[in-house]
Amino acid sequence: MMLDNEILKYIEDHREEAIALLVELAQIPAPSNAEEKRAAFCKEWLEKCGAEGVYVDEALNVIYPVGCEKEKPLAVFMAHSDVVFPDTDPLPLKVEDGWIHCPGVGDDTGNVVALMMAAKYVAENRLQSRDWGILLVINSGEEGLGNLKGSRRIFSEFGSRVKEFVTFDLSYRRLYDRSVGSRRFLVELSTQGGHSWNDFGRKNAIACLADVIHDLYRIPVPQGKGKTTFNVGTVSGGTSVNTIAQQVQMLYEFRSEDRACLDTMQEKFDAILNAHRKDGVEILCTKVGDRPCSGEVDPVAQAALADRAEAAAVKYVGLTPVRGAASTDCNVPLSLGIPSVCIGCLDGVGEHTREEKVKIDSVVPGLKICFDLVLHHFDGKSVH
Ligand SMILES: [Zn+2]
């Protein structure tokens, strides 16, 4: 169904409610893998709105299924509850000069609020879809350490029944219709070590890791479909200034839009680690993150979904979002060949910083984008 004047008026009439909900929800702490408080709040809020069958799964996803019981194809709409901040106390929030300031307010709390308001509209009007089952999901674990836990859980439960996937994330200025896959590793290197004066000449773990890093940075970036990158993110270790280091560790990642390029990077990375495992040097490598690349997605269906999301932004905000590739909850469905898109329902700045803020005047146009996409598969309002 299309957004008619009645729905647009509903959105305008609920502006203050949406802002109040954002102010309340943004303060509830929700580090990745510890989203319990937000999950409980959202479930109770949806139930108060009359949503039936809402449940929280093992991954802490809050799921509101609408008409999913039969063997209909499923359309999934998500926004993630977790934030990158480890706070377990209420997050600091202030409203000032037309902005709401709070860590995590735009990534992704404002989008969660848009999805909740759309869910409320669906519940209050008992909307149904003849042809589709709709899953509205406030999902967990999108950020770094969450490793897409919530999205993975949805696809392990509903799998190939899902024919379309939209996640609301970040700003409406950007639209992600391609995914960036990545693999992340903790590399721990150890040697005998010793006294810097008495044992001079023994191998030093830090110097050995420096050699490893030197070689990693000489890997030619594979030329495939799209961009490939790599990075050493942190290095730590050693004992003291007068100790030949026994132990050192680093976090390393590589990313690509192309599966084959990720595999090439993996081979070269493994070969370099193996080449340095000699003469008393031990290297342990633990995978700490694995986000899949896109699989074979029907290009026509994918383009149609991305165009629909773009059209909503153009219609209600008056700007064309910039298209790109990113690591989002879309990685999981795209890897399974399911058409997927990520778009935001707000205007904000400073995501992943404690200075993050969202423009209050972007809330209503953002709601319109969200309603437009979520209500797409629903039949017109039934009289009741
Ligand atoms: Zn996000």
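This note sets out, point by point, several features of a predicted model of a protein chain.

1. Domains. The chain is divided into domain 1, which comprises residues 5–179 and 293–377, and domain 2, which comprises residues 181–291. The contact between them takes 15 residues from domain 1 and eleven residues from domain 2. The centres of domain 1 and domain 2, taken over C-alpha atoms, are separated by 37 Å.

2. The largest pocket. This pocket has a volume of about 910 Å³. It is lined by 39 residues, and the closest to its centre are G144, R184, R255, R291 and H352. By class, the lining holds 14 nonpolar, 14 polar and eleven charged residues.

3. Origin of that lining. Which strands each supply at least two residues of the lining of the largest pocket? They are β9 (181–190), β11 (228–237), β13 (247–256), β14 (282–291) and β15 (322–326). In terms of domains, at least three residues of this lining come from each of domain 1 and domain 2.

4. The second largest pocket. About 380 Å³ of space lies in the second largest pocket. Its lining has 14 residues, of which K225, E257, S294, G295 and V297 lie nearest the centre. Two or more residues of the lining come from β8 (174–179) and likewise from α8 (299–317). The largest share, three residues, is given by β8. The lining divides into three nonpolar, four polar and seven charged residues. Domain 1 and domain 2 each contribute at least three residues to the lining of the second largest pocket.

5. Residue V297. As stated above, V297 is among the residues nearest the centre of the second largest pocket. V297 is found in the loop between β14 and α8. Is V297 buried or exposed? Its relative accessible area is 17%, and V297 therefore counts as buried, the limit being under 20%. Leaving aside neighbours within four places in sequence, V297 is in contact with Q302, L334, G337, I338 and P339. V297 and A309 are twelve residues apart along the chain, and their C-alpha atoms are separated by 17 Å.

6. Helix α1. In α1, which spans residues 5–13, the residues I7, Y10 and I11 are buried. They lie on the same side of α1 because they cover an arc of only 95 degrees around the axis. On the other side of α1, N5 and K9 are exposed. The cover over the buried residues of α1 includes α2 (15–26), α4 (105–124) and α10 (363–374).

7. Backbone points to check. Most residues other than glycine have a negative phi, and most peptide bonds are trans. The peptide bond from D107 to D108 is cis, with omega near 15 degrees, and D108 has its place in helix α4. N33 is not a glycine, yet its phi is positive, at about 75 degrees. N33 sits in the loop between α2 and α3 (36–48) and is partly exposed, with a relative accessible area of 38%. D279, also a residue other than glycine, has a positive phi near 50 degrees. D279 belongs to the loop between α7 (259–276) and β14. With a relative accessible area of 60%, D279 is exposed, because the limit for that class is over 50%.

Terms used
Residues numbered from 1 in each chain as written. Predicted model: local features only at pLDDT ≥ 70, side-chain atom pairs only at ≥ 80, totals over all residues. Heavy atoms only, no water. 1 Å grid on protein atoms, 1.4 Å probe; cavity = no way out; pocket = protein on both sides within 12 Å on 5 of 7 lines; lining within 4 Å. Points joined across faces, edges and corners; volume = space filled by probe spheres on them. Helix = DSSP H or I, 4+ residues; strand = E, 2+ residues; numbered from the N terminus. Nonpolar A, V, L, I, M, F, W, Y, C, P; charged D, E, K, R; others polar. Domains from an automatic or database assignment. Buried < 20%, exposed > 50% of the residue type's maximum accessible area, 1.4 Å probe, protein only. Arc of directions from axis to C-beta. Contact = heavy atoms within 4.5 Å.
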